Amino acid sequence: VGVSLLPLLAVAVPAVAAPLVYLARSRPNLREGVTLAAAVATLGVVWLAVRAPGTPVTPLGTVAGVSFALRADAAGLLFALLAATLWVVTSVYSVGYLRTVGEGHQTRYFAAFAASIAATMGVAFATNLFTLFVFYELLTLATYPLVVHAGTAEAYRAGRTYVAYTLGGGVAVLAGAVLVAVLAGETTFSPGGLAALSAADPTLARVAFALLIVGFGVKTAIMPLHGWLPAAMVAPTPVSGLLHAVAVVKSGVFALARTVLYTFGPETTWALDLGLPLAVAAAATMLGAGLVGLRQDNIKRGLAYSTIGQLSYIALGLAIATPLAVFGALLHVVAHAFMKITLFFAAGVIYAETGEKYVSDVAGVGRRLPATMVAFGVAAAGLVGFPLVAGFVSKFHLVLGAAERPALLFVAVYLVAGLLKLLYFWPIVYVALFGDRGDDSPASRHAFAPPHATDGGYPGETTWERPALGREASPFLLLPVLATVGGAVLLGVVPTALPFWALAEAVVAEVFA
Amino acid sequence: MSLLLPLLVTVPLLGALAPFVAGTRRSRAGRAATVAVLLAHLGLALAAAVLVARTGPLTYVVGGLPAAVGIGLLLDRVSALFVVLVAVTAAGLYLAVREDRTGPGDALWLLLLAGLTGVVVTADAFNLYVFLEISGLAAYALVAGRAGVDRALAALRYLLVGTVGATLYLLGVGYAYVATGTLAMADLGPALAAVGHDSTLVVAAYVLIALGLAVKLALFPLHGWKPPAYATAPRDVAALLATLGSTVAGYALVRLTFGVFGVEFLRGVPGVRLGLVAAGTAGVVAGGYLTLRRAELRRLLSYSSILQFGLFTLALGVATPLAVTGAILLLVANAVAKGGLFVAAGHAERAVGRSVGDLAGFGREAPILAAGVAVAFASLVGLPPTVGFAAKWYVAVAAVAAGSWGVAVVVLVSTLVSLAYAGRVVERLYLAAPEGRPGDRGLATDGGGDVAGPSRRRVAAVVGVVAAALVVLGLGSTAVAEWVAPVVEGWA
């Protein structure tokens, strides 16, 4: 345990970047330079923390009588490294997207984005439930301006839904944290759980667990607490990509992991009969989201339901709480991030380049955006669970882990959910690659979704132009897509290539010691 | 014996004459005299606080008479906190946003300061009544201002209700005197215990005292005077009263409940605790509901105070040291936030209008002001890392630890209610575009005269300081808790 400034720096660098972005508001290139520099610096800091021997800790005194500290343990580093890596990519993409689409309020966008990352780093490195709660709430506040970015009535409605769900969940978290503080005398995360909780009054411990799960379940989008996520898709696509597919929902599932693995501990969780209800809720969400997702013609809305399902893959792994399942869940945090952000980036490229948002409107778009749609297809295959993409490795462990519990049902749920994913992604990829615009044959329509209300035909030509190689979109848009899909494939082919594998192993080792 | 204590009261009390005399001829001289008195009082308050930190509680008995009949003064760590709050607020608001700088107006400002300081430092239950009345009379006159039927009516209502409250308090003190034969707080505690906590006389004394102070706190359903008074009072007066008026009464309730009647009394008479919890819950529920429906910003803020003082009363009902610490933090958090918000509301009134709807897009026009307002609302809601959050955390942990589940639930759910009204204002401020209003914002709609006031820069500075204070107090809440701990734990 070494006192170090690294965990604090990981929070401070993006936090300081936010006002700097605001100060540079009159010079867009400088402003984006600040964002990129901060993103790279944050990644550097997290990387140093990964490399640092021992566990870097920054104590920050006590607040309201509870110790407030940031601690870069293996689990925190896994999440922080993921968010920091993808922030770099998303920053580049944001520049391309906002400029291509011509979004307004770009200063507010970049400042709020940096603030959101700062809060995410705080969630990752929080050393106890109290600190975690503080950053968890700050994350909600920092992301709110991004959700309502468009400034339309729909965006405000979505923003209100978002805040009502997440801050409502925050109250449940607060109540749970207070209960844990009183029951255990502390809320510090300790691998394998707090011993005092296993000895506490079981009814109260169950109530505390339920409150925490409900609270964190909101951001994890466990059904029926998921309503905010599809609504929040009105945000600009990079926001949907990094924040709603990665930082925000992953903060929820990460906090869930902190609850199950580091507060209650796998043993106490199952000893109190809490693992099964959580597992059932997650399993039901996987199937429910899979079914609802089938009928979404809006690309981003469909991806939102896919996220809801995938997050419950992770939640189910945590609920099963065997070493293999937890290992798979942690790997899936990373794998899903790389694949889902690729999908959102691709959806964003489609929107930026063609202005289309619906599957049935982009028949044959593969001709116009070949590299993008190939990346989309690869990432989709990964989410379904095809080998050689990251999703296979994590799901493999999840399924093996599920088999360790007597209820084999969950193995079946994983497999059925994978099938639903296949049914969900197949029409999109098929229509995009083999469909034809202006043709009403089944090959050009979404196979399951009802047609959306159209404005009557397409503007301009009915055929897609094939661009010169590498010229299908701005490099700011294209390179991030290729980078993230490359990451997903790298993690599928050589899972140990990045530190995520080792970090996940370290988590499992310390939790199940 | 420390001479600082009588000076804390007498300097503003006698100093109130200065602007009255000096200001009749030359208003500038009156203003200078007022500033001098305010700064002297602030210096005394800080010096006294430092002395308390170094040497422990300060006491003083005027004229050396025995405590039972004399005027005793006491400054311990809890009262020092409130004396500093009172001094800083009175001086800060005067320097930054005071608009009416006539001699009589300034004299009332100082008189109010003297009364509030007296309530905080007195060690005698009867003198507390005297100081309560001094501050009350000054407040009624300040609310009435110099013009306006609305103000006169609001002030009259404030006067009537406030006087009833003070009279109830006096009745309670009378009962306590009949029961014990003393009025000095230090002697009252043991004497009341000797009479027996469940004796009718003692219980009646507490109930009357608490009811009287509840009027001053504007606890539901005794809150009717507050929204009109705060909504129609001159802007600077509203800010001062919103910060200190009920806060000091809250301090008095803490002092009398725990420093005089004591935790044993609350334990011995469960009905009283139940009453506190019930009144607090009613305050939270009613305050929350009424706040949601306000269109006018100042009224909304007044109703929010009703919710906040409901929370405060709930915390008293839990009655553990942790809960009392939370209650004190709630008082401070609400005071600081309301001060900043009333200053901001006053400025917005001059710039765009009185209602929440008028704020549309104001955030873009005044970014620093709006950011400060957002932080102040975050503290009222109880979002981290503000002091409002720390206060709620203490109260919630205390409630759960004491097994008061209902209190814990109300405290936590109040967050959501507060969120609903705070969110409405902040959303307006930042995101809504101005609707159908003429482009020029500088114009006042109700004719000249009222337009002059502190500059936006100055107002933004006040609100910015308030926001910073809320965050610093939040991050430093442990230090505040440790500061009051010796006293609060002594009460247990």
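Leu331(A) is found in helix H14 of chain A, in a model that is predicted. With a relative accessible area of 10%, Leu331(A) falls under the 20% limit and so counts as buried. The points below start from this residue.

**Around Leu331(A)**

- Apart from residues up to four places away in sequence, Leu331(A) touches Val393(A), Ser394(A), His397(A), Trp501(A) and Ala504(A).
- Pro495(A) lies 164 residues from Leu331(A) in sequence, while their C-alpha atoms are 9.2 Å apart in space.
- Ser394(A), one of the residues touched by Leu331(A), sits in helix H17 of chain A, which spans residues 390-403.
- Ser394(A) has a relative accessible area of 1%, and because the limit for burial is 20%, Ser394(A) is buried.
- With neighbours within four places in sequence set aside, the contacts of Ser394(A) are Gly328(A), Leu331(A), His332(A) and Ala335(A).

**Nonpolar core**

- The largest nonpolar core contains 378 residues, and Phe377(B) and Trp393(B) have the most contacts inside it.
- Helix H14 of chain A, residues 323-354, gives the most to this core, contributing 21 residues.
- Trp393(B) reaches residues of chain A: beyond its neighbours within four places in sequence, Trp393(B) is in contact with Ala64(A), Val66(A), Phe130(A), Leu174(A), Ala177(A), Val178(A) and Ala181(A).

**Cis peptide bonds and positive phi**

- Most residues other than glycine have a negative phi, and most peptide bonds are trans.
- Met223(A) and Pro224(A) are joined by a cis peptide bond, with omega at about 5°.
- Pro224(A) belongs to the loop between helix H8 (202-220) and helix H9 (228-231) of chain A.
- In chain B, the peptide bond from Phe220(B) to Pro221(B) is cis, and its omega is near 0°.
- The loop that holds Pro221(B) runs between helix H9 (200-217) and helix H10 (226-232) of chain B.
- Asp273(A) is not a glycine, yet its phi is positive, at about 60°.
- The position of Asp273(A) is the loop between helix H11 (266-271) and helix H12 (275-294) of chain A.
- Ala321(A), also a residue other than glycine, has a positive phi near 60°.
- Ala321(A) is placed in the loop between helix H13 (299-320) and H14 of chain A.
- Ala321(A) counts as buried because its relative accessibility is 4%, under the 20% limit.

**Chain A overall**

- Chain A contains 20 helices and three strands.
- The radius of gyration of chain A is 22 Å, close to the 24 Å that the globule rule gives for 513 residues, so chain A is as compact as a globular protein of that length.
- Along the principal axes, the C-alpha atoms of chain A fill a box of roughly 70 × 55 × 45 Å.
- Buried residues make up 62% of the 513 in chain A.
- Among contacts in chain A with a separation of 6 or more, 81% are between residues 24 or more positions apart.
- Chain A carries 27 positive and 23 negative side chains, and the centres of the two sets are 4 Å apart.

Terms used
Residues are numbered from 1 along each chain as its sequence is written. Chains are lettered from A and ligands numbered from 1 in the order in which they are written. This is a predicted model: local features need pLDDT of at least 70, side-chain atom pairs count only at pLDDT 80 or more; totals for chains, interfaces and linings use all residues. Side-chain values use heavy atoms; hydrogens and water are left out. Helices (H or I, at least four residues) and strands (E, at least two) are DSSP runs, numbered from the N terminus. The radius of gyration is taken over C-alpha atoms; the globule rule is 2.2 Å times the number of residues to the power 0.38. Buried means under 20% relative accessible area, exposed over 50%, partly exposed in between (1.4 Å probe, protein chains only). Contact means heavy atoms within 4.5 Å. Lys and Arg count as positive and Asp and Glu as negative; His and the chain ends are not counted. The place of a charge is taken as NZ of Lys, CZ of Arg, CG of Asp or CD of Glu. A nonpolar core is a set of buried Ala, Val, Leu, Ile, Met, Phe, Trp, Tyr and Cys residues joined through side-chain atoms within 4.5 Å.
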